[in-house]
Amino acid sequence: MSSPSTKPLALSLRRGHDGVTIPVRLTPKSNRDEVAGVEDHAGECVLKARVRALPEAGRANTALETLIARWLGLPPSTVSVAHGGKSRLKQVTLSGDGDALIRLITARLAELAGTELTRSRRR
């Protein structure tokens with residue numbers, strides 16, 4: 001039996017009629033652009049993302065949209081910050097087939113979890 005600290009967190013995805021919404025906790029002014037995993041934030045599992053852009057004039061939001069599009073291999077036009085434009089906690093909407101997007105996100109998260117496990121074993 002696994003303890004709560006070792007149990008993987010399930011991202012709180014919301015499916016709409018034209019896509020999927022992902023909750024994201026964004027850290028701007030980071031040293032690199034990356035999707036860093038999933039964390040519990042006030043009882044909701046959110047995607048952790050970091051971008052180098054400053055949180056000025058929407059630059060961090062644009063960088064987040066680009067990061068998510070690249071991470072998932074989607075056209076940038078299908079990714080948008082829907083809510084939380086001036087907050088660290090955002091709702092990012094992905095347009096397209098909801099089932100396919102959920103499968104894609106799940107696969108990328110599994111890859112990310114495998115990478116994190118490999119890194120922790122090297123330490």
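Tutor: Two strands pair if DSSP finds at least two bridges between them. Keep that in mind; the model here is predicted.

Student: How many bridges join strand E5 to strand E6?

Tutor: Four bridges join E5, residues 79-83, to E6, residues 89-95. The two strands run antiparallel. Val79 stands opposite Leu94 in E6.

Student: What do E5 and E6 form, and how many residues lie between them?

Tutor: They form a hairpin, with five residues between the strands. Look at Gly84 in the turn: its phi is positive, about 85°.

Student: Where do side chains point in a regular strand?

Tutor: They alternate between the two faces of the sheet. Now take one residue in this structure. Gln91 sits in strand E6.

Student: Is Gln91 buried or exposed?

Tutor: Buried means under 20% relative accessible area. Gln91 has 14% relative accessibility, so Gln91 counts as buried.

Student: What does the side chain of Gln91 make a polar contact with?

Tutor: With the side chain of Arg14, at 2.4 Å. Leaving out residues up to four places away in sequence, Gln91 also touches Thr21, Ile22 and Pro23, among others.

Student: Which residues of H1 are buried?

Tutor: Ala60, Asn61, Ala63, Leu64, Leu67, Ile68, Ala69, Trp71 and Leu72. What follows H1 is Gly73, with a positive phi near 70°.

Student: Step back. What pattern does the protein follow along the sequence?

Tutor: The pattern reads β-β-β-β-α-β-β-α. That is two helices and six strands.

Student: What share of the protein is buried, and how many residues does it have?

Tutor: Buried residues make up 35% of its 123 residues. The accessible surface comes to about 7700 Å², and carbon and sulfur atoms hold 51% of that.

Student: And what about contacts between residues at least 6 apart in sequence?

Tutor: Of those, 50% join residues at least 24 apart.

Definitions and conventions:
Residues numbered from 1 in each chain as written. Predicted model: local features only at pLDDT ≥ 70, side-chain atom pairs only at ≥ 80, totals over all residues. Heavy atoms only, no water. Buried < 20%, exposed > 50% of the residue type's maximum accessible area, 1.4 Å probe, protein only. Polar contact = N/O pair within 3.5 Å; in protein donor to acceptor, adjacent residues only side chain to side chain. Contact = heavy atoms within 4.5 Å. Areas by Shrake-Rupley, 256 points an atom, 1.4 Å probe, with all protein chains shown as cover.
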